[in-house]
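Reader: I am new to reading protein models, and I would like to learn how to look at a helix and its charged side chains. Could you take me through it slowly?

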Amino acid sequence: PKPPPPPVDPSQLVILLEDDWLMAVDKPSGMAVHTGSGITGGTLVDYVRAYLGPKATRNDFTASPAHRLDRETSGVILVAKRRPAMVHFTEIFTNGHPKKRYLALVKGKMPRDSGVIDLPLAEHQQTAESKSRRGVNMQEAVTRWKVVRQSSEAALLSCTIETGRTHQIRRHLVAVGHPVVGDKKYGDFALNRDVRARWGLKRLFLHAERIEFPHPEDGRKVAVETPLPPELMDVLKRAALL
């Protein structure tokens, strides 16, 4: 039998927008979106379904996140409450690419005020069998960045993505020599230790600040924003970037 979900307190869920079709939730860093290997504690799915209670399931469809955020990334994520909403979002995220904006603190001084990283990335979940049969599958990936604040040590960037590849912003920025600060997978590990000691950064400095999308009911444009969480604002102050 499937184990029951862990007990969660739905009052801790930060809801930015909710109607009969969808929810926009401010996901904290450290919360996984879905269950998986090595995942302990409540996931975003658990919190959403606990919050909705009996209303979580309608016409054999249970409310579910419409896209993903890395576990350590904070910020806005959309949840479909009805099957037609999920179908709509699947189409948008597969073919339409909703406008998403992230804030990232990166290593070093940027060479100019803005730029574009147009660099194909290896498919993240390609199987070993597929690689041996047809080689590594490279996927188109485009990230646009703009400097918001700059110091001698680090830069706060506003990033928008035109494609939705796994870990795209993190992989793109490290590829051009400016890894996201606090990134334990792709980052500069010596720098991460240093900024943890000096600036108190204990997590990945990547935040999904804004998403803009057509509403599943009538196509009207909807935009949802959420500011940097307090722990990241404190880091910017210690880094002399505010």
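This is a predicted model: local features need pLDDT of at least 70, side-chain atom pairs count only at pLDDT 80 or more; totals for chains, interfaces and linings use all residues.

Reader: Which residue does the side chain of Arg198 meet in a salt bridge?

Author: A salt bridge pairs a side-chain nitrogen of Lys or Arg with a carboxyl oxygen of Asp or Glu within 4 Å. Here the partner of Arg198 is Asp194, with 2.8 Å from N to O.

Reader: Which residues of helix 5 are buried, and how are they arranged around its axis?

Author: The buried residues in helix 5 are Leu191, Asn192, Val195 and Trp199. Viewed down the helix axis, they fall within an arc of 100°, and therefore line one face of the helix. The face turned away from that buried side carries Arg193 and Ala197, which are exposed.

Reader: Where does Arg196 lie, and what does it gather with on the surface?

Author: Arg196 lies in helix 5, which spans residues 189-199, and it is partly exposed, with a relative accessible area of 47%. Together with Lys184, Lys202 and Arg238, Arg196 gathers in a surface patch of positive charge.

Reader: How many salt bridges does the count come to?

Author: The count comes to 18 salt bridges, and among them is the one between Arg210 and Glu212, whose closest N and O atoms are 2.9 Å apart. Glu212 is buried, with a relative accessible area of 13%.

Note on methods. Residues are numbered from 1 along each chain as its sequence is written. Side-chain values use heavy atoms; hydrogens and water are left out. Patches are made of residues with over 30% relative accessible area and no salt bridge: like charges are joined within 9 Å, nonpolar side chains (Val, Leu, Ile, Met, Phe, Trp, Tyr) within 5 Å. Accessible areas come from the Shrake-Rupley method with a 1.4 Å probe; for residues, only the protein chains shown count as cover. Lys and Arg count as positive and Asp and Glu as negative; His and the chain ends are not counted. The place of a charge is taken as NZ of Lys, CZ of Arg, CG of Asp or CD of Glu. Helices (H or I, at least four residues) and strands (E, at least two) are DSSP runs, numbered from the N terminus. Buried means under 20% relative accessible area, exposed over 50%, partly exposed in between (1.4 Å probe, protein chains only). The arc is that of the directions from the helix axis to the C-beta atoms.
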